[in-house]
Amino acid sequence: MALVSLAVVGRDNEPLYLRDFVTNHPADAAVDLRDDATDTERQQQQNDDDAFGFFNSEGRGANDSCSLRHQFIIHAALDRFEEMTGSSSGGRWRTPGAVGNNAMWVGLLCPIEEVRVYGYLTNTGIKFLVLVEDEDDGQDSNQTSARDKDLKAFMVLLHDLFVEYTLNPFSKLRGKISSNRFDVGVQKYVQALNAKQSSKT
Amino acid sequence: MSKSSASASGHALWAKMPKANAELFALTYGSLVTELVRDYDNADEVNSQLDRIGHSIGVRCVDEFLSKAEVSGINIPPCQTMKDTADVVARIGFRMFLGVSAEVANFSPDGSAFSLFLYDNPLSIFVELPSSEEAAATMGGAGGCDLSKIKYSNVFCGVIRGALEQVNLKVECRFVRDALRGDDVNEIRVELKEVLMDGAGEDYQEE
């Protein structure tokens with residue numbers, strides 16, 4: 001189980017941060033497409049897939065390195081997100097009596113092809129979506145709930161990073177997140193999460 | 001003053017000062033800086049405005065500093081050399097008003113200049129300066145402000161300058177190393193330009 005992609009989406013469903021994390025080998029920690037490391041294998045693989053130049057990451061930072069396919073998946077999941085948390089649902093998704101971070105955790109939105117999408121909604125309407133690759137099918141409920149707990153903890157950390165980003169007086173309030181500190185923090189947390197998951201399974 | 005007694009005095013005075021929420025303080029200063037950035041288009045202008053603001057703070061701070069020390073029974077003897085001044089500013093002054101301890105080092109051979117090192121800066125706890133490419137991209141080519149050149153904590157330089165001016169020491173301060181720009185510490189270089197004579201003395205002499 002590996003986290004392959006994450007997205008931060010604003011109140012009006014505008015994309016604030018889209019980022020892919022690719023694992024080449026199950027045992028490796030996640031690396032992101034943007035890395036300028038001279039990994040010839042990875043370059044080869046990218047060039048093979050990259051018929052239209054979508055993966056050309058030279059002009060981009062870590063933000064926006066999300067592949068088109070993952071972006072489509074995130075779009076689809078957003079619809080489900082709206083359905084679950086919108087005004088028409090009447091707050092049915094929330095466990096009654098949950099406060100704070102527990103109240104913000106939406107949970108599994110939907111499985112799409114081989115990934116599952118999890119969501120988290122802050123009080124200010126910022127949505128975090130996380131795409132997780134499913135490897136085993138026959139998982140027992142213990143594993144799933146442990147995985148859910150890990151993801152919830154990860155979302156809380158992501159929320160903290162986001163808050164720290166907004167407290168920077170130079171950050172733009174609406175618009176793409178372009179902060180080195182945020183990028184580095186996300187990378188660190190994703191690597192820790194993926195390492196933890198791969199050591200468990 | 002010996003080093004340890006200066007630190008102890010600084011700590012004692014800090015304990016008596018009313019406290020404010022650190023986040024509120026940092027965010028207020030941040031909004032001040034962004035407002036200045038909006039008003040003035042270039043980084044040098046913003047830096048000099050911050051220095052000016054610091055100067056008026058410093059001019060008022062020094063009286064408070066000396067009177068509070070007096071009232072608490074902490075004796076700050078008149079400084080004989082620049083080294084004494086440096087110690088008082090760093091260990092007692094900065095400690096009392098900001099709660100952070102600053103170190104002094106790198107004295108010039110004639111003792112008229114020193115460096116003040118600040119390891120943690122309460123003003124910049126959330127701040128991340130945009131990199132120069134980002135700044136260029138957001139401002140376009142229309143002569144916008146290069147945010148990466150801003151000396152975010154330049155107000156400290158103004159404060160030191162203003163405070164020492166009130167005790168007849170004309171100094172020049174500037175930031176040599178800035179943690180926000182990637183260095184490991186904040187270093188302010190303070191250089192004595194001249195010792196001012198009392199203005200009243202001159203008037204009397206002329207009469």
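Modeller: Contact here means heavy atoms within 4.5 Å. By that rule, 15 residues of chain B and ten residues of chain A take part in the contact. This is a predicted model, in which local features need pLDDT of at least 70, side-chain atom pairs count only at pLDDT 80 or more, and totals for chains, interfaces and linings use all residues. Residues are numbered from 1 along each chain as its sequence is written, chains are lettered from A and ligands numbered from 1 in the order in which they are written, and side-chain values use heavy atoms, with hydrogens and water left out.

Colleague: What area is buried between chain B and chain A?

Modeller: About 1,000 Å². Buried area is the accessible area (1.4 Å probe) that two parts lose on being put together, summed over both. Carbon and sulfur atoms give 63% of the area between these chains.

Colleague: What makes A:Arg181 and B:Glu128 a salt bridge?

Modeller: The term requires a side-chain nitrogen of Lys or Arg within 4 Å of a carboxyl oxygen of Asp or Glu. The closest N and O atoms of A:Arg181 and B:Glu128 are 3.7 Å apart, so the pair meets the cut-off. The count between chain B and chain A is one salt bridge. The two chains also have five residue pairs in polar contact, both residues at pLDDT 80 or more. A polar contact is a pair of N or O atoms within 3.5 Å; within protein, one must be able to donate a hydrogen and the other to accept it, and residues adjacent in sequence count only if both atoms are side-chain atoms.

Colleague: Which elements of chain B give two or more residues to the side that touches chain A?

Modeller: Helix H2 (22-39) and helix H5 (132-139) of chain B. Helices (H or I, at least four residues) and strands (E, at least two) are DSSP runs, numbered from the N terminus. H2(B) gives the largest share of that side, five residues. The residues on the side of chain B that touches chain A are ten nonpolar, three polar and two charged. Ala, Val, Leu, Ile, Met, Phe, Trp, Tyr, Cys and Pro count as nonpolar, Asp, Glu, Lys and Arg as charged, and the others, Gly among them, as polar.

Colleague: How many aromatic pairs does the whole structure hold?

Modeller: Nine, over all chains. One of them joins A:Tyr165 and A:Phe182.

Colleague: Why is the pair of A:Tyr165 and A:Phe182 called tilted?

Modeller: Rings of Phe, Tyr and Trp (its six-membered ring) pair if their centres lie within 6.5 Å; planes under 30 degrees apart count as stacked, over 60 as edge-to-face and the rest as tilted. The centres of A:Tyr165 and A:Phe182 are 6.1 Å apart and the planes stand at 55 degrees, so the pair is tilted. A:Tyr165 lies in helix H4 (residues 141-167) of chain A and A:Phe182 in helix H5 (residues 180-200) of chain A, so the pair ties together parts that are 17 residues apart in sequence.

Colleague: Why is the pair of B:Tyr29 and B:Tyr152 called edge-to-face?

Modeller: The planes of B:Tyr29 and B:Tyr152 stand at 85 degrees and the centres are 5.2 Å apart, so the pair is edge-to-face. This pair links distant parts of the chain, 123 residues apart: B:Tyr29 sits in helix H2 of chain B, and B:Tyr152 in the loop between H5 and helix H6 (155-166) of chain B.

Colleague: How do you know whether B:Tyr29 is buried or exposed?

Modeller: Buried means under 20% relative accessible area, exposed over 50%, partly exposed in between (1.4 Å probe, protein chains only). B:Tyr29 has 8% relative accessibility, so B:Tyr29 counts as buried. B:Tyr152 has a relative accessible area of 0%, so B:Tyr152 is buried.

Colleague: What makes A:Asp150 and A:Lys196 a salt bridge?

Modeller: Their side chains meet at 2.8 Å, N to O. A:Asp150 lies in helix H4 of chain A and A:Lys196 in helix H5 of chain A, so the pair ties together parts that are 46 residues apart in sequence. A:Asp150 is buried, at a relative accessible area of 10%. A:Lys196 counts as partly exposed, at 41% relative accessibility.

Colleague: What separates B:Lys68 and B:Glu64 in helix H3 of chain B?

Modeller: About one helical turn, because they are four residues apart in helix H3 (residues 43-71) of chain B. The side chains of B:Lys68 and B:Glu64 meet in a salt bridge at 3.0 Å, N to O. B:Lys68 is partly exposed at 29%, and B:Glu64 is partly exposed at 30%.
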